Amino acid sequence: MPKNIPFVPADDLSKLWRAIIEFDMLASGDRILVGLSGGKDSMLLTAMLAEIKKFSPIPFDLACYTVNAMFAPNFPKQELVDFCAHYGLEHYSDDVDIMAAHAKKGGSPCFTCAYFRRAATNRRAKELGFNKVALAHHNDDAVETFFMNVMTSGQLRTFLPVTPLSRSGITVLRPLLYYREQEIRDLVAKLGIKPLKNPCPYDGHTMRQDVKEHIAELNERYPEVYDHLLAAMRSSDRQELWPAKPTDKEMVAKFRAFWGRKRGQQS
């Protein structure tokens, strides 16, 4: 990693500060482990958090962790170590054979990969004494997840800015949620950060990629589609949704109550 990477300019940190302050992401004494994949998003998040660590009125510790999914034989461990050292950060990593796990578990390879990465990261964070994990999901990720959930499960949901995990006691943070993906690309180029090649064999051939392209196509035709999807993710007193679907037992009780009335009886 070149040693002349500039610090992240203050103007480029405003959306990060916004997310951290709005969603109460920091508490004094926090120990935060960044999920560092080597991609543009997680490398930028590392640089940004390392920068604000110097100025935050709430002190916190910071380090990075990488899951080597063993998709390729040459894990770039030294490049990641050097990248973290540039910002004065410790780097940890573990090998997790995702393809072997997928062969055993079946189902979607992307789901298996995400599951085992999350589990390894949270387990390692707890072992090392970190109470929070920072992930590099950005604004486009949140909107795409929201849209995917509507299409595949009929649920209005996406990942949250702050997610406490009851089993592990770890809290997951997503400080990049106000940055669009193109903003991240531009910042990475501006800062001279060199993302590592993604070794995933499914990269660019996933349902998420299809959804990304579909949203972009819709937004070409209807330029407010993306913004409206983003707005729909917020809780609002203007929501007009049907009540929750009753269970079969509740529905039977309602039918009996309805047909059990005498004609003309008031409710």
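Which residues line the largest cavity? In this predicted model, the lining consists of Ile 20, Met 25, Leu 26, Ile 32, Leu 49, Ile 52, Phe 60, Ala 134, Leu 173 and Pro 175.

**The cavity**
- Rolling a probe the size of a water molecule over the atoms shows where empty space is left.
- The count comes to one cavity of 30 Å³ or more.
- The largest cavity holds about 50 Å³ of space.
- By class, its lining comprises 10 nonpolar residues, with no polar and no charged ones.

**Helices H6 and H9**
- Helix H6 covers residues 139–153 and helix H9 covers residues 225–232; their axes come within 10 Å and cross at roughly 80°.
- Angles of 65 to 115 degrees count as roughly perpendicular, and H6 is therefore roughly perpendicular to H9.
- On the H6 side, the contact is made by Asn 139, Asp 140, Val 143, Phe 146 and Phe 147.
- On the H9 side, Tyr 226, Leu 229, Leu 230 and Ala 232 take part.
- Sorted by class, the contact of H6 with H9 has seven nonpolar residues, one polar and one charged.

**Arg 118**
- Arg 118 is found in helix H5, which spans residues 109–128.
- With a relative accessible area of 43%, Arg 118 is partly exposed.
- Arg 118 and Gly 35 lie 83 residues apart in sequence, while their C-alpha atoms are 9.1 Å apart in space.

Note on methods. Residues numbered from 1 in each chain as written. Predicted model: local features only at pLDDT ≥ 70, side-chain atom pairs only at ≥ 80, totals over all residues. Heavy atoms only, no water. Axes fitted to C-alpha atoms, helices over the stretch in contact; angles between N-to-C directions. Helix = DSSP H or I, 4+ residues; strand = E, 2+ residues; numbered from the N terminus. Parallel < 35°, antiparallel > 145°, perpendicular 65-115°, else oblique. Contact = heavy atoms within 4.5 Å. Nonpolar A, V, L, I, M, F, W, Y, C, P; charged D, E, K, R; others polar. 1 Å grid on protein atoms, 1.4 Å probe; cavity = no way out; pocket = protein on both sides within 12 Å on 5 of 7 lines; lining within 4 Å. Points joined across faces, edges and corners; volume = space filled by probe spheres on them. Buried < 20%, exposed > 50% of the residue type's maximum accessible area, 1.4 Å probe, protein only.
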